Amino acid sequence: GSDVLSSLLRVSVTDSSMPEPGAAPRRSPQGVPYSDLPHIVNADGLHLFCRYWEPAGQPRALVFIAHGAGEHCGPYDEMAQKLKELSLLVFAHDHVGHGQSEGDRMNIKDFQIYIRDSLQHIDLMKSRHPDLPVFIVGHSMGGAISILTACERPGDFAGVVLIAPLVQMNPESATPFKVFMAKLLNHMLPSLTMGSIESKWLSRDKRQVAAYDADELNYHGGMRVSFGMQLMAAVERMEREIPSISWPFLLLHGDADKLCDIRGSRIMHDNSPSTDKKIKIYEGGYHALHHDLPEVAESVLKELTTWITEHIPATTSQEVQ
Ligand SMILES: O=C1N[C@]2(CO1)C[C@H](C(=O)N1CCC(COc3ccc(F)cc3Cl)CC1)C2
């Protein structure tokens, strides 16, 4: 019918060609030369925009923040400032294809690229601060990146904080028929776009939804089938990894979350062998809890900062002093 035709017409041919080496200075998608921006260059030669929140004195721990699909690391500034005030050194980057980083908008050839780049940034910061414990904070798809990153280095992290992580798909969007169609379409038209993230489900705070909609560093286009397939593959990987999760984690999830089903967090909490795990459910909470109603956002910051500081191992030098 006409809707199939219209959806076919919406096919956007994506081209992630890379500029010739030795050409003009590499610029961010917003046109800023990377020589003027804090950045790292990933294993594929793509420039990733970075943010750092460094405390004045000697930092007590490193905290890596992994943002979610379609957003960037800017909206974590308030959270990062709070952690910096507690003498934690916070760092983050915009994942490939997001915000001020290079790469095809909200698309990825392999979800593993997000994990590989996160480990590259974490290893860089650990080389600068070799004795500090390392934490990861991840939201939504960034939660999936955090979980799979910690699974690759099970002994490396003092703790992982997950805010409404993507662990399981929303059952409405993952009916067998829809999954079958996504797989079929992925072979035929991987660049075909499905619906986009409905911002009204992000938060009950209308100002936060408006800020998200107005933020030009967010990707507001439709989700490509190929990207959805990568998310599904990440969900399947996590399902296999949960029985081996033994590192400390804190889960925060709203029970009115329509974007990432709370069942995923319950399954992770109930089925992981970790002996240091905590789940806190926010009644009525929407997806982006850290940007939900003020009392929820405040509670999330308090829970997260308290849990992290309680999980900083006491160093012998401190005990001696
Ligand atoms: O404050 C915030 N939070 C954000 C935006 O701004 C929400 C966004 C984020 O990461 N997700 C929300 C959407 C969800 C869709 O999931 C799928 C879709 C198709 C598919 F085939 C398989 C899956 Cl799993 C992925 C996770 C980050």
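## Strand pairing and the sheet

Strand 2 (residues 47-53) and strand 4 (residues 88-93) pair in the antiparallel sense over four bridges, where pairing requires at least two DSSP bridges between two strands and strands are DSSP runs (E, at least two residues) numbered from the N terminus. Within strand 4, Phe91 is the bridge partner of Tyr52. The model is predicted: local features need pLDDT of at least 70, side-chain atom pairs count only at pLDDT 80 or more, and totals for chains, interfaces and linings use all residues. Residues are numbered from 1 along each chain as its sequence is written, and side-chain values use heavy atoms, with hydrogens and water left out.

An open sheet of mixed pairing is formed by eight strands in the order 1-2-4-3-5-6-7-8. Strand 1 (39-41) and strand 8 (277-282) stand at its edges with a single partner strand each, so one side of each lacks a neighbour in the sheet.

## Packing of helices 2 and 9

Helix 2 (residues 77-85) packs against helix 9 (residues 294-310) at an angle of about 40°, the axes being 11 Å apart; helices are DSSP runs (H or I, at least four residues). Axes are lines fitted to C-alpha atoms, for helices over the stretch in contact, and angles run from 0 to 180 degrees between N-to-C directions. Glu78, Met79, Lys82 and Leu83 of helix 2 meet Leu301, Leu304, Thr305 and Ile308 of helix 9, contact meaning heavy atoms within 4.5 Å.

## Contribution to the largest pocket

Helix 5 gives the most to the lining of the largest pocket, with five residues. A pocket is an open set of points on a 1 Å grid over the protein atoms alone, where a 1.4 Å probe fits, with protein on both sides within 12 Å along at least five of seven lines; lining residues have an atom within 4 Å of a point.
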